Amino acid sequence: MITVSDEISHTFAAKTNYPRTMEYNEKKMRRFVQQLPPEDAKSILATATNGVLSLIGPDGAPYGVPLSYCYDGDKKIYFHCAKSGYKLDCLNSGDGRCSFCVVAQDVVLPAEFTTLYRSVIVTGRLTIVSDIQEILTALRMLATKYSPGIDSANEISRNLDRLLVLCLDISTITGKESIELVRIKQKK
C-alpha cells in the first residue's frame, strides 16, 4: 500500500532527480542568499536556550519535543532526560537519525505579512552517552549554561542515577535568516 507521504516522496524524487532515501545534507539550500555563515549558526546554537528535537517514533510517525540543551561549540549537542519515556522509545526503535531546530529570532511584522527570523537546523545521530566522564562533562555544561555561577556538584550527584544524557553527533549545521534581514544587512 502506498501512503500519501510515499506518493509525495516519489513525486519529489522524480521532479528533483534526488534519490528517495537521500540524506538531508545532500540537499542545497534553495535560498542560499539567506544562509547564515557557519560562525553565526554556531553562535545561535551556543546562545539559544531551547530547541525542538525531531525523531521518528516506533510506529513511523514523526515526533518533535522541545528541549533545553548545551552545545560543545563543535560537533556535539547534549540533552538530559529521564530513564524512560517516548523520546527513548523513538531513539531505541530506529538508527538515531534526528534533526534539532533552534529559532533565535522571530519578530512578526503583521503589516508586511512576514517575520524577521533567524534559525538553525542540525542533523545527525542521537545516542545515549555511557561514558561517565562524558556524562559529567555534559551535565556540568548544562548547569553552567542554565545556572551560571551556582555550584552544581550536589545537584548533579543527587540526580545522576535518575537521568540519562543524550548526545547528538552533528552531521550538518545550517542557519538561515529572513530575506528582510539580508536586505537590512546589505543596506549597511
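This is a predicted model: local features need pLDDT of at least 70, side-chain atom pairs count only at pLDDT 80 or more; totals for chains, interfaces and linings use all residues.

Trainee: Why is Leu45 called buried?

Mentor: Buried means under 20% relative accessible area, exposed over 50%, partly exposed in between (1.4 Å probe, protein chains only). Leu45 has 0%, so it is buried. Leu45 lies in helix H2, residues 38-47. Helices (H or I, at least four residues) and strands (E, at least two) are DSSP runs, numbered from the N terminus.

Trainee: Which residues is Leu45 in contact with, leaving aside neighbours within four places in sequence?

Mentor: Contact means heavy atoms within 4.5 Å. The list for Leu45 includes Tyr69, Ile77, Val102, Val120 and Ile173. Two of these names return in the sheet: Val102 has Val120 in E6 as its bridge partner.

Trainee: What makes E5 and E6 a pair?

Mentor: Two strands pair if DSSP finds at least two bridges between them. Strand E5 (residues 97-109) and strand E6 (residues 114-128) have 12 bridges, in the antiparallel sense. Their hairpin has 4 residues between the strands, and Phe113 there takes a positive phi near 55°.

Trainee: How do you know that E6 also pairs with E7?

Mentor: By bridges again: E6 and strand E7 (residues 163-177) share 11, antiparallel.

Trainee: What makes the contact between Thr123 and Thr172 polar?

Mentor: A polar contact is a pair of N or O atoms within 3.5 Å; within protein, one must be able to donate a hydrogen and the other to accept it, and residues adjacent in sequence count only if both atoms are side-chain atoms. The side chains of Thr123 and Thr172 are joined at 2.4 Å. Thr123 is found in strand E6. At 10% relative accessible area, Thr123 is buried too.

Trainee: Why are E2 and E3 called edge strands?

Mentor: The open sheet has 7 strands in the order E2-E1-E5-E6-E7-E4-E3, with antiparallel pairing. Strand E2 (62-67) and strand E3 (70-71) each pair on one side only.

Key: Residues are numbered from 1 along each chain as its sequence is written. Side-chain values use heavy atoms; hydrogens and water are left out.
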